[in-house]
Amino acid sequence: MVEDDCFEWICGKQNYRSSDAAYCGRLIVTNDLFDEALDWGVKKPERFAFRVTWALEHAFSYSPARLFDYCERITDNYLQANYFGVIRLYSKMMVRLLSAPKTDLSSDRVDRIVDVTFTRLIDSAIPPSVRVWCMDILCGLPHQESWIDEEISEVLKWFRQSHVPSLQSHAEMMCRKVGL
């Protein structure tokens, strides 16, 4: 069975590199394993979840239209993800979704995304590689309430003073993007 072969290969590979993720991404597209990869990306142990999600990111780059077919599942997985590497990859997918005008999110879903993303952004235990994507997500969301824009502005200003270079430079870029 192709699904088992693909995911067993991911699981058993000792040194998993970008070329491996790309290869598995092509397998996901060719064999239409998007549902399985989305399931396994949040339900498996960290190492395996990261590898499957990385392959899924590649699959969506090979088949961009499919990203929008799975908008709700990607959003749900972003909200549920527990491992930093997996959160970072789902954050990147969220930014791609939010940058397209055809992405339609309910106000309830937007509220949940705002809540989880703000929590991750201000949590110092979250790596900068995740937090910079949180800035992009918050700036890309359709905001229905002014307090969200005010909070984003304050957080971006605070990060501009950060001692973490990646957070500082990204906050600077986002401030320019939103006109601060």
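1. Is aspartate 108 buried, partly exposed or exposed in this model? Aspartate 108 counts as partly exposed, because its relative accessibility is 46%. Here buried means under 20% relative accessible area, exposed means over 50%, and partly exposed lies in between, with a 1.4 Å probe and protein chains only.

2. The model is predicted: local features need pLDDT of at least 70, side-chain atom pairs count only at pLDDT 80 or more, and totals for chains, interfaces and linings use all residues. Residues are numbered from 1 along each chain as its sequence is written, and side-chain values use heavy atoms, with hydrogens and water left out.

3. The protein chain has 11 helices and 0 strands. Helices (H or I, at least four residues) and strands (E, at least two) are DSSP runs, numbered from the N terminus. In sequence order the pattern is α-α-α-α-α-α-α-α-α-α-α. Of the 180 residues in the protein chain, 46% are buried.

4. Helix H3 covers residues 34-43, and Phe34, Ala37, Leu38 and Gly41 are buried in it. These buried residues line one face of the helix, because they fall within an arc of 100° when H3 is seen down its axis. The arc is that of the directions from the helix axis to the C-beta atoms.

5. Alanine 37 is found in helix H3 and counts as buried, at 0% relative accessibility. Its C-alpha atom is 8.3 Å from that of alanine 55, although alanine 37 and alanine 55 are 18 residues apart in sequence.

6. Two further pairs can be listed in this way. Valine 86, in helix H7 (residues 84-98), is buried with a relative accessible area of 1%. The C-alpha atoms of valine 86 and glutamate 46 are separated by 8.0 Å, and the two residues are 40 residues apart along the chain. Serine 19 lies in helix H2 and is partly exposed, with a relative accessible area of 47%. Between the C-alpha atoms of serine 19 and histidine 58 the separation is 9.9 Å, for 39 residues along the chain.

7. A salt bridge is a side-chain nitrogen of Lys or Arg within 4 Å of a carboxyl oxygen of Asp or Glu. By this rule the model has 9 salt bridges. One of them joins the side chains of arginine 66 and aspartate 32, at 3.0 Å from N to O. This pair links distant parts of the chain: arginine 66 is in helix H5 (residues 64-69) and aspartate 32 is in the loop between H2 and H3, 34 residues apart.

8. Aspartate 32 has a positive phi of about 50° although it is not a glycine. With a relative accessible area of 44%, aspartate 32 is partly exposed.

9. Another salt bridge is formed by the side chains of aspartate 35 and arginine 73, at 2.8 Å from N to O. Aspartate 35 lies in helix H3 and arginine 73 in helix H6 (residues 71-80), so the pair ties together parts that are 38 residues apart in sequence. Both partners are partly exposed: aspartate 35 at 36% relative accessibility, and arginine 73 with a relative accessible area of 26%.

10. Aspartate 108, the residue of the opening question, forms a salt bridge with arginine 112, and the closest N and O atoms are 3.1 Å apart. The two residues are separated by about one helical turn, because they are 4 residues apart in helix H8 (residues 107-122). Arginine 112 is partly exposed, with a relative accessible area of 33%. Salt bridges that share partners join Glu72, Asp76, Asp108, Arg109 and Arg112 into one network.

11. Which residues form the negative surface patch? The patch is formed by Asp149, Glu150, Glu151 and Glu154. Patches are made of residues with over 30% relative accessible area and no salt bridge, with like charges joined within 9 Å and nonpolar side chains (Val, Leu, Ile, Met, Phe, Trp, Tyr) within 5 Å. Asp and Glu count as negative, Lys and Arg as positive, while His and the chain ends are not counted. Glutamate 154 lies in helix H10 (residues 146-160) and counts as partly exposed, at 47% relative accessibility.

Conventions: Accessible areas come from the Shrake-Rupley method with a 1.4 Å probe; for residues, only the protein chains shown count as cover. The place of a charge is taken as NZ of Lys, CZ of Arg, CG of Asp or CD of Glu.
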